[in-house]
Amino acid sequence: MTKLNEAFYLRDQVWQISKELIGKFLFTQIDGVTTGGMIVETEAYCGINDRACHANNGRKTKRNNIMYESGGRAYIYLCYGIHYLFNVVTNIKGRADAVLVRAIEPCQGVEVMLKRRNHNTLQNQLTQGPGSLSMALGINLSHYGKLLTGKTIWIEDHQIDVEHLIHSGPRIGIVYAQEDAHKLWRFYVKDNPWVSKI
DNA sequence: TAGGTGATCTTG
DNA sequence: AAGATCACCTAT
């Protein structure tokens with residue numbers, strides 16, 4: 001039950017970190033209420049040479065500038081005008097890598113998550129897909145840039161060994177990325193019902 | 001399967 | 001300045 005420390009996030013090779021985040025636990029604490037669950041699906045986005053990454057070709061805007069800071073912070077952005085997507089910034093300052101968390105298996109604060117999502121009963125859609133997950137956890141732009149070593153958003157290691165269950169495939173929704181669209185940088189727990197449907 | 005919604009990029 | 005695109009989700 002230890003919170004991942006800064007050193008975990010400061011490393012290179014974001015795809016490795018993306019894979020290691022499977023089986024870890026993502027939490028938020030908002031208004032005294034903790035919500036969260038086990039990460040079951042992630043995608044790696046690798047700096048200026050990855051055509052699918054927001055920092056591709058050195059792009060740096062008001063939206064993505066936090067990607068260039070040192071790892072261990074939250075990069076959150078509005079997608080399609082509606083959904084807030086949560087990413088984990090990794091690598092040292094100046095290297096704009098990030099991991100998109102795409103799905104969690106809920107374990108804490110289910111009642112509050114149901115309310116945030118306007119759901120009555122616990123179903124897989126509650127935290128399936130990056131937009132849904134963020135809404136369930138109450139993540140929005142007020143969390144932009146927050147340190148993941150802090151008390152609002154953080155990730156814990158519960159010593160669960162899922163490595164043998166992790167599969168990989170191409171990332172979702174990035175067909176425009178040409179040859180990079182074929183990279184196997186999406187990681188997920190095989191046969192886990194909380195993983196998003198393609 | 002279409003449409004909502006807004007930041008960013010591209011085109012003229 | 002206008003138009004296209006986009007790391008998505010929900011209800012037809």
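By class, the surface near DNA strand B is made up of three nonpolar, three polar and three charged residues. Here Ala, Val, Leu, Ile, Met, Phe, Trp, Tyr, Cys and Pro count as nonpolar, Asp, Glu, Lys and Arg as charged, and the others, Gly among them, as polar. A residue is near a strand if one of its heavy atoms lies within 4 Å of it.

Before we go on, a word on the model. It is a predicted one, in which local features need pLDDT of at least 70 and side-chain atom pairs count only at pLDDT 80 or more, while totals for chains, interfaces and linings use all residues. Residues are numbered from 1 along each chain as its sequence is written, chains are lettered from A and ligands numbered from 1 in the order in which they are written, and side-chain values use heavy atoms, with hydrogens and water left out.

Back to DNA strand B. Its surroundings are Arg59, Thr61, Lys62, Arg63, Leu78, Tyr80, Gly81, Ile82 and His83. Sugar or phosphate supplies 57% of the atoms of DNA strand B within 4 Å of the protein, and bases supply the rest.

Now turn to DNA strand C. How many residues surround DNA strand C? There are 21, and the closest are Asn87, Arg117, Gly131, Gly173 and Tyr176. Of the atoms of DNA strand C that come within 4 Å of the protein, 61% belong to sugar and phosphate. The residues of this surface divide into 11 nonpolar, eight polar and two charged. At Pro130, a polar backbone atom is 3.1 Å from a phosphate oxygen of DNA strand C. Two or more residues of the surface come from each of strand S4 (74-79), strand S5 (83-90), strand S6 (97-108) and helix H4 (130-137). Helices (H or I, at least four residues) and strands (E, at least two) are DSSP runs, numbered from the N terminus.

Seven of its eight residues are buried, meaning under 20% relative accessible area, with exposed over 50% and partly exposed in between (1.4 Å probe, protein chains only). What covers the buried residues of H4 includes strand S2 (25-30), strand S3 (33-46), S5, S6 and helix H3 (110-116). Just after H4, Gly138 takes a positive phi of about 75°.

Gln13 also has a positive phi, of about 60°, although it is not a glycine. You will find Gln13 in the loop between helix H1 (6-9) and helix H2 (14-20).

Finally, look at Glu156 in strand S7 (residues 153-157). Glu156 is buried yet has no salt bridge, and Lys3, the nearest side chain of opposite charge, is 6.6 Å away. A salt bridge is a side-chain nitrogen of Lys or Arg within 4 Å of a carboxyl oxygen of Asp or Glu; Lys and Arg count as positive and Asp and Glu as negative, with His and the chain ends not counted.

How values were computed
Polar contact = N/O pair within 3.5 Å; in protein donor to acceptor, adjacent residues only side chain to side chain. Contact = heavy atoms within 4.5 Å.
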